[in-house]
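Please keep the sequence and the model in view while reading.

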Amino acid sequence: MTGYVLQRLLQALLVCLGISVITFVMLHVAGDPAQLLVPMEASREDVELLRRQLGLDRPLPVRYLIFLGGILTGNFGRSFFSQDPALGLVLDRLPATLELALAGLGLALVVAIPLGSLAALKRGTLWDRGTTALAVGGQAMPAFWLGLMLIIVFSVKLRLLPVSGRDSPAHLVLPAATLASFLLPVLMRLTRSQMIEILGQDYIRTARAKGVGMAALIFRHALRNAWIPIVTVVGLQFGRLLGGTIVTETVFAWPGAANLAVRAIRNLDYPVVQTVVILLAFSIVVVNLLTDLVVARLDPRVRLQ
Amino acid sequence: MRRGTLNLAIGIALALLTGTAVAEPRGRITVAIDSDVQSLDPMAVSDRFTQAVLWHVFDSLLYRDPQKGTLLPGLARSWRAVNPTTWELKLHEGVRFHTGEPASAEAAKFSLERMAGPKVPRRYEVGSVARVEVVDPLTVRVVTKRADPILLESLVNVQIVPPRYLREVGEERFGRAPSGTGPYRVTEWVKGQRLILEANQDHWRGSKPVPAIKTVLLRPIPEKATQIAELLSGGVDMIINVPPDQIPVITASGRARVTTAATLRTSFLQLNVSRAGSPALQNPKVRQAINHAIDGDAIHKNLMGGLGHRTGSINPFQFGYDPAVRPYPYDPARARQLLREAGYAGGLELRLVSYSGTMVNPELAAQAIADYLTKVGIRVKHRHVEDLALLAKIWLGAQDVDLMYASWASRGIFDADAIMRPLFGSGERYAYVADPQIHKWLDEARFSMDAAARKVIYSRILRHIHDQAHWVPLYTSFVTYGVSNRIHYEAPTDENLRLFDVTWRERP
């Protein structure tokens, strides 16, 4: 077990290394940050001076090795734009993104599982069709548009919730709802199909025959088994959830890491972009690993080698 | 007893002079900003908007009238040219930084020298300065390498920092918790979330008024639609650069209004004459044809709402502007004839690039230009770029581009040099035209202290560029603020935010 975890963590490091090479090259192709960092009035000499200051005059492989050496010693460099240490900038913003991601995930689960189960239990009825329509609609709706609609309805018209920012728990509601829309349709459809399959199984029939009550039947017997694929899918969709934070944080001015990354990419702020990408890649790999561990816990048939 | 009475009388008189004339700052407003400020150290900043925010915290030696653009005293109460390369500036007495340190000639010298440092992105503002001398605690002399007629304009952009405090806390901390002499001081900065400014009760009251607003909260909100929703729901009191199609939404809301002002920014079509553009553009007849083909009046009226000014050269606000240099009249028949004479009767193809920046409706305006050119037989391949990095690559590299729909803000400098030099000067990054005649005249005007002579030279340059049809000047831009009904604010002409000019319409 410990050996398995160590092996997976080593793989995670290799993945991060590969990703760092790709981002490094892609950013280099995107353009010259020195040109963006000086105002338009600056002379060519000023641009050259800045390029030397930032070490951008060195060959690409050398720059990559310096960058890698820095990371190994815990130094992710300084933001070209604000001069702050890149790691500190990203770590400051990460809690906000995690808060949003967890709230979005939690909301998606809390809504998807009961509605999905309901649809399965009342298969073919108006309930079932209603939730399916909701799932399809949710999948088709662009999150950007959904976020703005939520703002217009709940903040501008009804004045129930704040428009944007992160000052109080109320500020979390609309962004979490928007982010949940990324996962909700998938989870709801998955729960429904899983429950339909499980409810047709022999052991459920046996339990029913024994006179087990409806609630116990669903919670103790059916849902327990439905959990396994749901956990797997949540783990796999974690990357998608983080992708969703980009749109959500932008629309709701949520001060998270995705918001920071968007601006850093616009400014070609290499150190910040690199740090965000590496940390996010690492966290996705770790979440996938955790998913595998949890599934092994839930499903006695799975053994980790 | 008599002394006591006298003191009392003086006290009352002072109270009447200051206390009644100036109301205490009160209440709090929230201003939405597109992205967070870069740093709070003026010498670490390249971003134009951050510079404007720092005007609230710092003062420069000189200040600019927000409506007229003329120079006003800043920390310097007077100035004179000792000789063509030496300016002497006398500072106000008793002005102190927020930390108590005096704003002395020493601080001015320190700041100008720090501004010239190799790491400073805007070091060109003091590029002409040879040295700075302290004559006495309130007198400073700025000696330039050559005569510099726009030195004073540049000094408006150089904010004065406290040397002692800066050395004490170090550059990094100064960038987070600065001390200036301005009407506001920084009380809190949570990066990416909020910057809070508090009115400085001990402000020395120079050309900037005493603020009416006690607390200002600047909040980064990247999405314009969200900013508008905040304005309409009362979450923020001011948004900057309202998209023109959203102006009616704000006006109709009954909760906020829109204020606009023509700015120093000028929009034009740049022609890639000298940097590997289409060979056709080397022919003046083709360039003249392009000028005749585009109906600048119509674009100005229909896409810019007639705001800002139509121009045939540079911005009318700038020294050196010559109203006699008019835009080419819209004349498609003449354009077609010129193209025939140039040997392009069968038409030609040009690549046009536009980008999303501080301009209004850039993509639509560029499309309109493309349509006008197509009508006279110039096929246009139009490409609109959103990404700034890609734009820099295209624009600076002059790659794959013959025509660039662009604009220039002249870094707040009301002088022809601030736009003519970057676009037509020798070795400039954004210049698409290399004309030795223009280079020579630009240098003559740049280093002359004779205002009348400079005016004549700029007229000559503008006329020459017009006759050669080196570009297509279009119109000047405008800035639009969405302002809640709680406050009063008039948009200034240089794109710089001035929250100390905001006053209350309602009691907070």
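The second largest pocket is lined by 44 residues, and Leu54(A), Arg78(A), Ser79(A), Phe80(A) and Gln83(A) lie nearest its centre. A pocket here is an open set of points on a 1 Å grid over the protein atoms alone where a 1.4 Å probe fits, with protein on both sides within 12 Å along at least five of seven lines; lining residues have an atom within 4 Å of a point. This is a predicted model, in which local features need pLDDT of at least 70 and side-chain atom pairs count only at pLDDT 80 or more, while totals for chains, interfaces and linings use all residues. Residues are numbered from 1 along each chain as its sequence is written, chains are lettered from A in the order in which they are written, and side-chain values use heavy atoms, without hydrogens and water.

**The pocket**
- The lining of the second largest pocket has 18 nonpolar, 14 polar and 12 charged residues; Ala, Val, Leu, Ile, Met, Phe, Trp, Tyr, Cys and Pro count as nonpolar, Asp, Glu, Lys and Arg as charged, and the others as polar.
- H4(A) gives the largest share of this lining, four residues; helices are DSSP runs of H or I with at least four residues, numbered from the N terminus.

**Helix H8 of chain A**
- Because 22 of its 30 residues are buried, H8(A) is largely enclosed by the rest of the structure; buried means under 20% relative accessible area (1.4 Å probe, protein chains only).

**Contacts in chain B**
- Beyond its neighbours within four places in sequence, Ile294(B) is in contact with residues including Leu269(B), Tyr330(B) and Val472(B); contact means heavy atoms within 4.5 Å.
- The largest nonpolar core has 74 residues, joined through side-chain atoms within 4.5 Å as a set of buried Ala, Val, Leu, Ile, Met, Phe, Trp, Tyr and Cys residues.

Technical notes:
Buried means under 20% relative accessible area, exposed over 50%, partly exposed in between (1.4 Å probe, protein chains only). Helices (H or I, at least four residues) and strands (E, at least two) are DSSP runs, numbered from the N terminus.
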